[in-house]
Amino acid sequence: MASGLGGYAGAASRFTSDPLAAGTGGITLFYNTSTNSYSQNPSSTAFLGERSFDAGLVQLSLDRYIYSVSASTPLPPTATLAFGVIAAGTNNIEGRDSRGYATGELTDNEMTYLVSFSNKFSEKLAFGLSFKLLTRHFGLGSDDLDLKGSGFGAGIGITYKPLAGSTFSLAIKDWNSSYKWKTEDIYELGSSYQDVFPMSLAWGWLQELGSFRIALEHDYYFIEESIFRGSVQWQSHYNLLLNFGASFEDEILYPGFSARYELSWRGGPPMHLDLGMRIGAPGEGMRNYLGWGVNF
(Lines give C-alpha, C1' and ligand atoms only; values in the text may rest on other atoms or scores of the structure.)
Protein backbone atom coordinates (compact mmCIF):
# COMPACT_ATOMS: atom_id res chain seq x y z
CA MET A 1 0.00 0.00 0.00
CA ALA A 2 2.99 2.34 0.57
CA SER A 3 3.53 3.17 -3.07
CA GLY A 4 4.88 6.24 -4.82
CA LEU A 5 5.63 9.10 -2.42
CA GLY A 6 3.95 7.18 0.40
CA GLY A 7 6.87 4.75 0.55
CA TYR A 8 9.44 7.42 1.44
CA ALA A 9 10.49 9.22 4.61
CA GLY A 10 9.68 12.88 5.22
CA ALA A 11 5.93 12.70 4.67
CA ALA A 12 5.33 15.52 7.16
CA SER A 13 7.51 17.87 5.12
CA ARG A 14 5.31 17.19 2.08
CA PHE A 15 2.08 17.93 3.96
CA THR A 16 0.61 21.40 3.60
CA SER A 17 1.75 22.86 6.92
CA ASP A 18 0.24 26.36 7.12
CA PRO A 19 -3.36 27.66 6.84
CA LEU A 20 -2.67 30.09 4.00
CA ALA A 21 -1.38 27.26 1.79
CA ALA A 22 -4.38 25.08 2.71
CA GLY A 23 -6.43 27.23 0.36
CA THR A 24 -3.86 27.39 -2.43
CA GLY A 25 -3.59 23.66 -3.04
CA GLY A 26 -0.34 23.60 -1.07
CA ILE A 27 1.52 26.06 -3.33
CA THR A 28 4.65 27.03 -1.38
CA LEU A 29 6.88 28.76 -3.94
CA PHE A 30 5.56 32.29 -3.19
CA TYR A 31 5.21 34.21 0.07
CA ASN A 32 1.72 35.25 -1.16
CA THR A 33 0.57 31.62 -1.09
CA SER A 34 2.30 30.18 2.01
CA THR A 35 3.71 31.53 5.27
CA ASN A 36 6.22 28.65 5.17
CA SER A 37 7.38 29.40 1.62
CA TYR A 38 10.93 30.01 2.87
CA SER A 39 11.20 26.29 3.68
CA GLN A 40 10.40 25.21 0.11
CA ASN A 41 11.66 28.15 -1.94
CA PRO A 42 14.31 30.11 0.01
CA SER A 43 14.27 32.96 -2.51
CA SER A 44 10.57 33.71 -1.93
CA THR A 45 11.12 36.09 1.02
CA ALA A 46 13.57 38.30 -0.87
CA PHE A 47 10.75 40.56 -2.09
CA LEU A 48 8.80 40.63 1.19
CA GLY A 49 10.59 43.80 2.35
CA GLU A 50 9.60 43.65 6.04
CA ARG A 51 10.00 41.58 9.17
CA SER A 52 7.42 38.89 9.84
CA PHE A 53 6.43 36.28 12.41
CA ASP A 54 3.95 33.45 11.85
CA ALA A 55 2.69 30.52 13.89
CA GLY A 56 0.23 27.82 12.90
CA LEU A 57 -1.17 24.41 13.70
CA VAL A 58 -2.84 21.65 11.74
CA GLN A 59 -5.39 19.28 13.27
CA LEU A 60 -5.47 15.91 11.51
CA SER A 61 -7.39 12.71 12.10
CA LEU A 62 -5.84 9.76 13.98
CA ASP A 63 -4.35 12.13 16.61
CA ARG A 64 -1.76 13.52 14.20
CA TYR A 65 -0.52 17.10 14.41
CA ILE A 66 1.72 19.64 12.69
CA TYR A 67 2.92 22.83 14.43
CA SER A 68 5.00 25.53 12.77
CA VAL A 69 6.72 28.76 13.82
CA SER A 70 8.69 31.01 11.48
CA ALA A 71 10.22 34.48 11.30
CA SER A 72 12.06 36.54 8.72
CA THR A 73 13.98 39.81 8.73
CA PRO A 74 15.60 41.93 6.02
CA LEU A 75 19.40 42.19 6.01
CA PRO A 76 20.15 45.50 4.26
CA PRO A 77 20.80 46.32 1.60
CA THR A 78 19.33 43.43 -0.42
CA ALA A 79 19.28 40.20 1.64
CA THR A 80 16.68 38.46 3.83
CA LEU A 81 17.13 35.87 6.58
CA ALA A 82 14.31 33.47 7.52
CA PHE A 83 14.22 30.68 10.08
CA GLY A 84 11.68 28.44 11.74
CA VAL A 85 10.64 25.08 13.20
CA ILE A 86 8.09 22.55 11.95
CA ALA A 87 7.04 19.82 14.40
CA ALA A 88 4.94 16.81 13.40
CA GLY A 89 3.92 13.58 15.04
CA THR A 90 1.19 11.44 16.53
CA ASN A 91 -0.30 11.41 20.04
CA ASN A 92 -2.07 8.69 22.03
CA ILE A 93 -0.37 5.64 20.49
CA GLU A 94 -0.81 2.76 22.93
CA GLY A 95 1.97 0.18 22.72
CA ARG A 96 1.20 -3.56 23.02
CA ASP A 97 3.47 -6.53 23.48
CA SER A 98 3.20 -9.88 21.67
CA ARG A 99 0.53 -11.05 24.14
CA GLY A 100 -1.59 -7.91 23.66
CA TYR A 101 -0.81 -6.28 27.01
CA ALA A 102 -0.35 -2.51 27.13
CA THR A 103 3.28 -1.43 27.38
CA GLY A 104 2.81 2.34 27.62
CA GLU A 105 2.31 5.23 25.26
CA LEU A 106 4.60 5.42 22.27
CA THR A 107 6.39 8.62 21.33
CA ASP A 108 6.40 9.53 17.65
CA ASN A 109 7.63 12.95 16.57
CA GLU A 110 9.82 14.58 13.97
CA MET A 111 11.34 18.03 14.08
CA THR A 112 12.59 20.17 11.20
CA TYR A 113 14.78 23.18 12.03
CA LEU A 114 15.15 25.51 9.07
CA VAL A 115 17.19 28.53 8.08
CA SER A 116 17.20 30.22 4.67
CA PHE A 117 19.07 33.12 3.13
CA SER A 118 17.96 35.05 0.07
CA ASN A 119 19.40 37.96 -1.86
CA LYS A 120 18.00 40.26 -4.53
CA PHE A 121 20.35 40.80 -7.45
CA SER A 122 17.92 43.29 -8.99
CA GLU A 123 14.28 44.33 -8.65
CA LYS A 124 13.42 41.33 -10.82
CA LEU A 125 15.76 38.51 -9.75
CA ALA A 126 16.46 36.82 -6.40
CA PHE A 127 18.36 33.70 -5.34
CA GLY A 128 18.01 31.73 -2.11
CA LEU A 129 19.64 28.89 -0.21
CA SER A 130 18.17 26.89 2.69
CA PHE A 131 19.43 24.33 5.19
CA LYS A 132 17.44 22.03 7.44
CA LEU A 133 18.29 19.88 10.44
CA LEU A 134 16.04 16.81 10.63
CA THR A 135 15.31 14.64 13.68
CA ARG A 136 12.93 11.72 14.20
CA HIS A 137 12.20 9.96 17.50
CA PHE A 138 10.37 6.79 18.43
CA GLY A 139 10.22 5.91 22.12
CA LEU A 140 8.36 4.20 24.94
CA GLY A 141 9.50 6.47 27.74
CA SER A 142 11.83 3.69 28.89
CA ASP A 143 15.03 1.98 27.82
CA ASP A 144 13.05 -0.72 25.99
CA LEU A 145 12.71 1.47 22.91
CA ASP A 146 14.42 4.80 22.33
CA LEU A 147 15.23 5.11 18.67
CA LYS A 148 16.44 8.40 17.19
CA GLY A 149 17.30 9.34 13.63
CA SER A 150 18.74 12.57 12.30
CA GLY A 151 20.08 14.15 9.14
CA PHE A 152 20.62 17.29 7.12
CA GLY A 153 19.11 18.66 3.93
CA ALA A 154 19.35 21.67 1.66
CA GLY A 155 17.44 23.48 -1.04
CA ILE A 156 17.90 26.28 -3.53
CA GLY A 157 15.42 28.65 -5.14
CA ILE A 158 15.20 31.32 -7.81
CA THR A 159 12.49 33.96 -8.12
CA TYR A 160 12.17 36.08 -11.26
CA LYS A 161 9.68 38.85 -12.05
CA PRO A 162 9.64 39.15 -15.88
CA LEU A 163 6.69 41.56 -16.02
CA ALA A 164 4.77 43.77 -13.64
CA GLY A 165 2.44 41.55 -11.62
CA SER A 166 4.10 38.31 -12.78
CA THR A 167 6.37 36.04 -10.76
CA PHE A 168 8.17 32.86 -11.82
CA SER A 169 9.81 30.60 -9.25
CA LEU A 170 12.02 27.53 -9.49
CA ALA A 171 13.23 25.42 -6.56
CA ILE A 172 15.13 22.22 -5.84
CA LYS A 173 13.81 20.75 -2.59
CA ASP A 174 15.16 18.18 -0.12
CA TRP A 175 18.61 17.81 -1.64
CA ASN A 176 20.49 15.19 0.43
CA SER A 177 17.67 15.05 3.03
CA SER A 178 17.45 11.80 4.99
CA TYR A 179 17.19 10.16 8.39
CA LYS A 180 20.23 8.16 9.50
CA TRP A 181 19.43 5.39 11.99
CA LYS A 182 21.60 3.26 14.27
CA THR A 183 19.92 0.33 16.02
CA GLU A 184 22.93 -1.68 17.26
CA ASP A 185 22.29 -0.61 20.87
CA ILE A 186 18.64 -1.72 20.75
CA TYR A 187 18.56 -4.94 18.74
CA GLU A 188 20.97 -7.86 18.74
CA LEU A 189 21.07 -7.79 14.94
CA GLY A 190 20.83 -4.00 14.69
CA SER A 191 22.39 -2.03 11.90
CA SER A 192 22.99 1.44 10.50
CA TYR A 193 20.85 2.54 7.60
CA GLN A 194 19.42 5.59 5.89
CA ASP A 195 15.88 6.70 5.00
CA VAL A 196 16.15 9.07 2.04
CA PHE A 197 13.67 11.86 1.32
CA PRO A 198 12.61 12.11 -2.34
CA MET A 199 14.21 15.18 -3.94
CA SER A 200 12.04 17.29 -6.23
CA LEU A 201 12.19 20.10 -8.76
CA ALA A 202 9.30 22.56 -8.49
CA TRP A 203 8.36 25.48 -10.69
CA GLY A 204 5.47 27.87 -10.47
CA TRP A 205 3.88 31.01 -11.86
CA LEU A 206 1.91 33.68 -10.00
CA GLN A 207 -0.09 36.33 -11.87
CA GLU A 208 -1.72 39.37 -10.28
CA LEU A 209 -4.92 40.58 -11.96
CA GLY A 210 -6.24 43.52 -9.98
CA SER A 211 -7.73 42.17 -6.76
CA PHE A 212 -7.15 38.56 -7.92
CA ARG A 213 -4.08 36.35 -8.01
CA ILE A 214 -3.80 33.14 -10.00
CA ALA A 215 -1.04 30.69 -9.06
CA LEU A 216 0.12 27.41 -10.62
CA GLU A 217 2.75 24.95 -9.44
CA HIS A 218 4.24 21.68 -10.66
CA ASP A 219 6.28 19.60 -8.22
CA TYR A 220 8.27 16.86 -9.97
CA TYR A 221 9.88 14.21 -7.74
CA PHE A 222 12.87 12.31 -9.10
CA ILE A 223 11.10 9.01 -8.45
CA GLU A 224 8.77 9.64 -11.42
CA GLU A 225 6.02 11.21 -9.29
CA SER A 226 4.36 14.59 -9.84
CA ILE A 227 1.97 16.88 -7.96
CA PHE A 228 0.07 19.65 -9.76
CA ARG A 229 -1.42 22.59 -7.85
CA GLY A 230 -3.54 25.60 -8.72
CA SER A 231 -5.28 28.40 -6.83
CA VAL A 232 -7.22 31.65 -7.08
CA GLN A 233 -6.85 34.38 -4.44
CA TRP A 234 -9.17 37.33 -3.97
CA GLN A 235 -8.29 40.38 -1.87
CA SER A 236 -11.45 42.19 -0.77
CA HIS A 237 -11.72 45.84 0.28
CA TYR A 238 -12.41 44.82 3.88
CA ASN A 239 -9.00 43.39 4.87
CA LEU A 240 -10.14 39.92 3.87
CA LEU A 241 -8.18 37.54 1.66
CA LEU A 242 -9.93 34.42 0.32
CA ASN A 243 -8.14 31.48 -1.28
CA PHE A 244 -9.53 28.58 -3.28
CA GLY A 245 -7.20 25.91 -4.60
CA ALA A 246 -6.56 22.22 -5.18
CA SER A 247 -3.78 19.74 -5.76
CA PHE A 248 -3.83 16.77 -8.10
CA GLU A 249 -1.81 13.83 -6.81
CA ASP A 250 -2.16 10.05 -6.99
CA GLU A 251 -4.85 10.69 -9.63
CA ILE A 252 -7.05 12.33 -6.97
CA LEU A 253 -8.09 15.99 -6.67
CA TYR A 254 -7.74 17.50 -3.17
CA PRO A 255 -9.52 20.89 -2.86
CA GLY A 256 -9.04 23.39 -0.07
CA PHE A 257 -10.11 26.80 1.20
CA SER A 258 -8.51 29.41 3.44
CA ALA A 259 -9.23 32.94 4.62
CA ARG A 260 -7.03 35.65 6.09
CA TYR A 261 -8.31 38.65 8.01
CA GLU A 262 -5.90 41.54 8.52
CA LEU A 263 -6.25 43.72 11.59
CA SER A 264 -4.30 46.08 13.82
CA TRP A 265 -4.89 46.86 17.50
CA ARG A 266 -4.32 50.33 18.95
CA GLY A 267 -2.05 51.47 16.17
CA GLY A 268 0.26 48.49 16.51
CA PRO A 269 1.84 46.51 13.67
CA PRO A 270 -0.49 44.84 11.16
CA MET A 271 -1.56 41.35 12.20
CA HIS A 272 -3.51 38.60 10.48
CA LEU A 273 -5.59 35.60 11.46
CA ASP A 274 -5.66 32.61 9.12
CA LEU A 275 -8.18 29.78 8.89
CA GLY A 276 -8.00 26.89 6.44
CA MET A 277 -9.64 23.60 5.52
CA ARG A 278 -8.43 20.93 3.15
CA ILE A 279 -9.86 17.55 2.18
CA GLY A 280 -7.56 14.70 3.16
CA ALA A 281 -6.94 11.32 1.60
CA PRO A 282 -9.99 9.07 1.03
CA GLY A 283 -11.38 8.09 4.44
CA GLU A 284 -9.24 10.62 6.30
CA GLY A 285 -11.71 13.47 6.61
CA MET A 286 -10.93 17.17 6.81
CA ARG A 287 -7.61 18.76 7.69
CA ASN A 288 -8.20 21.92 9.77
CA TYR A 289 -5.74 24.82 9.97
CA LEU A 290 -5.33 27.81 12.29
CA GLY A 291 -2.66 30.51 12.19
CA TRP A 292 -1.64 33.92 13.42
CA GLY A 293 1.04 36.32 12.24
CA VAL A 294 2.38 39.87 12.35
CA ASN A 295 4.41 42.02 9.95
CA PHE A 296 6.46 44.93 11.23
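Modeller: Leu62 has a relative accessible area of 69% and so counts as exposed, the cut-off for that class being over 50%. The model is a predicted one. Leu62 belongs to the loop between β1 and β2. Its phi is positive, about 60°, although Leu62 is not a glycine.

Asn92 also has a positive phi, near 60°, and it too is a residue other than glycine. Asn92, however, is placed in strand β3. With 51% relative accessibility, Asn92 is classed as exposed, because the class begins over 50%.

The loop between β2 and β3 holds Pro77. The peptide bond that leads from Pro76 to Pro77 is cis, and its omega is near 10°.

Asp97 is partly exposed, at a relative accessible area of 26%. From Asp97 to Leu114 there are 17 residues in sequence, and the C-alpha atoms of the two are 37 Å apart in space.

Strand β2 contains Ser72. Ser72 has a relative accessibility of 7% and therefore counts as buried, the limit being under 20%. Its side chain makes a polar contact of 2.7 Å with the side chain of Ser52.

β2 also has a part in the second largest pocket, where it gives 3 residues, the largest share of the lining. The volume of this pocket is about 460 Å³. Its lining consists of 25 residues, and those closest to the centre are Tyr31, Leu48, Arg260, His272 and Asn295. Two or more lining residues come from each of α3 (37–40), β1 (52–59), β2 (64–75), β14 (252–263) and β15 (271–279). Sorted by class, the lining has 11 polar, 9 nonpolar and 5 charged residues.

Rolling a probe the size of a water molecule over the atoms shows where empty space is left. In this model the count is 3 cavities of 30 Å³ or more. The largest cavity has about 330 Å³ of space. Among the 30 residues of its lining, Ala12, Ser13, Arg14, Phe15 and Gln40 are the closest to the centre. At least two lining residues are supplied by each of α1 (11–14), α3, β3, β4, β5 (125–139), β7 (166–175) and β11 (212–221). The lining of the largest cavity divides into 9 charged, 10 polar and 11 nonpolar residues.

That leaves the rings. There are 8 aromatic pairs in the model. One of them is formed by Tyr179 and Phe197, with 5.1 Å between the ring centres and 75° between the planes, an edge-to-face arrangement. Tyr179 is in strand β8 (residues 178–182), while Phe197 is in the loop between β9 (192–196) and β10 (200–209), so the pair ties together parts 18 residues apart in sequence. Both partners are buried: Tyr179 has a relative accessible area of 2%, and Phe197 has one of 3%.

A second pair to look at is Phe244 with Phe257, again 5.1 Å centre to centre, but tilted, with 45° between the planes. Phe244 comes from strand β13 (residues 240–249) and Phe257 from strand β14, so parts that are 13 residues apart in sequence are tied together here. Phe244 is partly exposed, with a relative accessible area of 48%. Phe257 is likewise partly exposed, at 28% relative accessibility.

A charge over a ring is found at Phe47, where the charged end of Lys161 sits 5.0 Å from the ring centre.

Note on methods
Residues numbered from 1 in each chain as written. Predicted model: local features only at pLDDT ≥ 70, side-chain atom pairs only at ≥ 80, totals over all residues. Heavy atoms only, no water. 1 Å grid on protein atoms, 1.4 Å probe; cavity = no way out; pocket = protein on both sides within 12 Å on 5 of 7 lines; lining within 4 Å. Points joined across faces, edges and corners; volume = space filled by probe spheres on them. Helix = DSSP H or I, 4+ residues; strand = E, 2+ residues; numbered from the N terminus. Nonpolar A, V, L, I, M, F, W, Y, C, P; charged D, E, K, R; others polar. Buried < 20%, exposed > 50% of the residue type's maximum accessible area, 1.4 Å probe, protein only. Phe/Tyr/Trp six-rings, centres within 6.5 Å; stacked < 30°, edge-to-face > 60°. Lys NZ or Arg CZ within 6 Å of the ring centre and 35° of its normal. Polar contact = N/O pair within 3.5 Å; in protein donor to acceptor, adjacent residues only side chain to side chain.
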